[in-house]
Amino acid sequence: MGYGITSVEDVPSIDLSDAIDMDMEPKVRRVQTELGTEEMVTNVWEFEEGDAMVHHYHDEQEELYYVIDGEFRLKVGDTGDTEEHTVEEGDVFAFSPDVGRGYVCVSEEGTMLTVGAPNVMDIDPEKYTPFDEA
């Protein structure tokens with residue numbers, strides 16, 4: 001990879017529904033494509049109030065999240081047995097692959113940077129649970 005520099009605003013938003021069988025409203029900017037990262041998934045997610053990431057698990061990928069702006073409610077743990085946490089601008093949190101996680105934007109707008117490693121698509125759509133049902 002060497003190195004990469006980009007402005008998030010220069011990275012186009014894409015529709016992930018072609019790649020991930022998930023009904024989601026947030027916009028995602030695939031920063032990794034612009035930067036050429038090979039070992040990690042790097043995205044900037046843009047949410048409006050009520051937009052949610054489904055509750056999900058990974059097989060291999062650790063994930064780190066940084067809240068750029070806004071406020072989010074997290075559900076962490078196994079479906080049906082989750083803890084709720086509120087995170088806001090400046091907060092950082094991370095998950096090992098086997099920990100269930102999902103979140104919803106509770107502010108007017110919100111933006112999150114996510115970094116996952118290794119760079120694999122390892123989410124099983126059969127393990128998705130809508131945020132409100134997790």
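A: Phe93 touches Glu63, Leu64, Tyr65, Val67, Leu74, Val87 and Met112, leaving aside residues up to four places away in sequence. Touching, or contact, means heavy atoms within 4.5 Å. The model is predicted: local features need pLDDT of at least 70, side-chain atom pairs count only at pLDDT 80 or more, and totals for chains, interfaces and linings use all residues. Residues are numbered from 1 along each chain as its sequence is written, and side-chain values use heavy atoms, with hydrogens and water left out.

Look next at the strand around Phe93. Along β8 the side chains alternate. Phe93 and Phe95 point to one face and are buried. Buried means under 20% relative accessible area, exposed means over 50%, and partly exposed lies in between (1.4 Å probe, protein chains only). Strands (E, at least two residues) and helices (H or I, at least four) are DSSP runs, numbered from the N terminus.

Which residue stands opposite Phe93 in β8? That residue is Tyr65. Four bridges join β5 to β8, and the two strands run antiparallel. Two strands count as paired if DSSP finds at least two bridges between them. Strands of a sheet pair through backbone hydrogen bonds, either parallel or antiparallel.

β8 belongs to an open sheet of six strands. The order is β1-β2-β3-β10-β5-β8, with antiparallel pairing. β1 (13-14) and β8 stand at the edges with a single partner strand each, so one side of each has no neighbour in the sheet.

Now the core. Phe93 is one of the residues that touch the most other members of the largest nonpolar core, along with Phe47, Phe72, Tyr103 and Met112. This core has 15 residues. A nonpolar core is a set of buried Ala, Val, Leu, Ile, Met, Phe, Trp, Tyr and Cys residues joined through side-chain atoms within 4.5 Å. The elements giving two or more residues to this core are β3 (41-48), β5 (62-69), β6 (71-78), β8 (92-95) and β9 (101-105). The largest share, three residues, comes from β6.

Five of the five residues of β9 are buried, so the strand is largely enclosed by the rest of the structure. Both faces are covered: Arg101, Tyr103 and Cys105 lie on one side, Gly102 and Val104 on the other. Three bridges join β4 (residues 52-56) to β9, which run antiparallel. Tyr103 is the bridge partner of Met53. Five bridges join β6 to β9, also running antiparallel. Arg101 is the bridge partner of Val76.

Is Arg101 buried or exposed? Arg101 is buried, because its relative accessible area is 1%. The side chain of Arg101 reaches the backbone oxygen of Val99 at 2.8 Å. With residues up to four places away in sequence left out, Arg101 touches Val54, His55, His56, His58, Glu63, Tyr65, Lys75, Phe95 and Ser96. Glu63 and Tyr65 are also among the residues that Phe93 touches.

Glu88 gives a contrast. This residue is found in β7 (residues 81-88). At 43% relative accessibility, Glu88 counts as partly exposed. Glu88 touches Val67, Gly70 and Glu71, again without residues up to four places away. Gly70 is 18 residues from Glu88 in sequence and 5.7 Å away in space, C-alpha to C-alpha.

One peptide bond deserves a look. Most residues other than glycine have a negative phi, and most peptide bonds are trans. The bond from Ala117 to Pro118 is cis, with omega near 0°. Pro118 is found in the segment after β10 (109-117).

Finally, step back to the whole chain. There are one helix and ten strands. From the N terminus on, the elements run β-β-α-β-β-β-β-β-β-β-β. Buried residues make up 42% of the 134 residues. Of the contacts with a separation of 6 or more, 71% come from residues 24 or more positions apart. The C-alpha atoms fill a box of roughly 45 × 30 × 25 Å, taken along the principal axes.

Notes. Polar contact = N/O pair within 3.5 Å; in protein donor to acceptor, adjacent residues only side chain to side chain.
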